Amino acid sequence: MKFHYRDLWVPQTATPDQIKSAYRKLARECHPDHTANPDAARFLLIGEAYQTLSDEAARRAYDAELQTYLRRRGWVLCPACGAHNEVPRIPESKVAMCGRCRTALPVNEKERRETQTAALREQAIDVVAELGADLLDLTGDYLHRRLQGVRARIGASSRKGAR
Ligand SMILES: [Zn+2]
């Protein structure tokens, strides 16, 4: 998976103009004509990011792919720099912050738990799909019980935290 927003250091909500100016700024920083320390690998990376994000149809397709990728892992994109963050349990009275730019992430503990549970479910479905359809009944029942166990544990820890 490519992380175009992260590479251009823009949020996923960036306008075409914001994407263009972010690209120009970064390209200048690593282009051999403009710097004593050109970075060819980075130049290619941001070039590729710009190519995708500046094309409306390509960007839409990429966004859909990215959304699925993030959802399956329970990751959250930073609303400032576009970096993907794996969010651990958020202690009460704390906010989750982007590991790259320290901006608050738009997620609370309840949402994080729900996202993680949904991600686990999707991962389980992927496993079942790989195992094959003839095993579906058997594993479906098994996974259902496993997920109930996960849910019970999550419920137990949240009740403990509320006290
Ligand atoms: Zn960030």
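Into which domains is the chain divided? The answer is domain 1 (1–75) and domain 2 (108–163), with bounds that come from an automatic or database domain assignment. This is a predicted model, in which local features need pLDDT of at least 70, side-chain atom pairs count only at pLDDT 80 or more, and totals for chains, interfaces and linings use all residues. Residues are numbered from 1 along each chain as its sequence is written.

**View 1. Where domain 1 meets domain 2.** Four residues from domain 1 and six residues from domain 2 take part in the contact. Two residues are in contact if their C-beta atoms, placed from the backbone, lie within 7 Å.

**View 2. Helix H4 crossing helix H5.** Here you can follow H4 (residues 56–73) and H5 (residues 109–131). Helices (H or I, at least four residues) and strands (E, at least two) are DSSP runs, numbered from the N terminus. Two packed helices are described by the angle between their axes and the distance between the axes. The axes of H4 and H5 come within 6 Å and cross at roughly 100°, so H4 is roughly perpendicular to H5. Axes are lines fitted to C-alpha atoms, for helices over the stretch in contact, with angles from 0 to 180 degrees between N-to-C directions. Angles under 35 degrees count as roughly parallel, over 145 as roughly antiparallel, 65 to 115 as roughly perpendicular and the rest as oblique. Look for Arg71, Arg72 and Arg73 in H4, which meet Ala118, Ala119, Glu122 and Gln123 in H5. By class, this contact of H4 with H5 holds four charged, two nonpolar and one polar residue.

**View 3. The largest nonpolar core.** A nonpolar core is a set of buried Ala, Val, Leu, Ile, Met, Phe, Trp, Tyr and Cys residues joined through C-beta atoms within 7 Å. The largest one has 19 residues, and those touching the most other members are Leu8, Val10, Ile19, Ala22, Tyr23, Ile46 and Tyr50. At least two core residues come from each of helix H1 (4–8), helix H2 (16–30), helix H3 (40–53) and strand S1 (75–77). Not counting residues up to four places away in sequence, Leu8 touches Ile19, Ala22, Tyr23, Leu26, Ile46, Ala49, Tyr50, Leu53 and Gly82.

**View 4. Val10, between H1 and H2.** Val10 lies in the loop between H1 and H2. Is Val10 buried or exposed? Val10 is buried, because 22 other C-beta atoms lie within 10 Å. A residue is buried if 20 or more other C-beta atoms lie within 10 Å of its own, exposed if 12 or fewer, and partly exposed in between, with C-beta atoms placed from the backbone. Leaving aside neighbours within four places in sequence, Val10 is in contact with Tyr5, Gln18, Ile19, Ala22 and Gly82. Pro38, 28 residues apart from Val10 along the chain, has its C-alpha atom 22 Å from that of Val10.

**View 5. Leu70 in H4.** Leu70 belongs to helix H4 and counts as partly exposed because it has 18 C-beta neighbours inside 10 Å. Leaving aside neighbours within four places in sequence, its contacts are Trp75, Leu77 and His84. The C-alpha atoms of Leu70 and Asn85 are separated by 9.2 Å, with the two residues 15 apart along the chain.

View 6. The phi of Ser93 is near 65°, a positive value in a residue other than glycine. Arg102, which is not a glycine, has a positive phi of about 65°. Ser93 counts as exposed because it has 5 C-beta neighbours inside 10 Å, and Arg102 counts as exposed because it has 10.

Notes:
Nonpolar A, V, L, I, M, F, W, Y, C, P; charged D, E, K, R; others polar.
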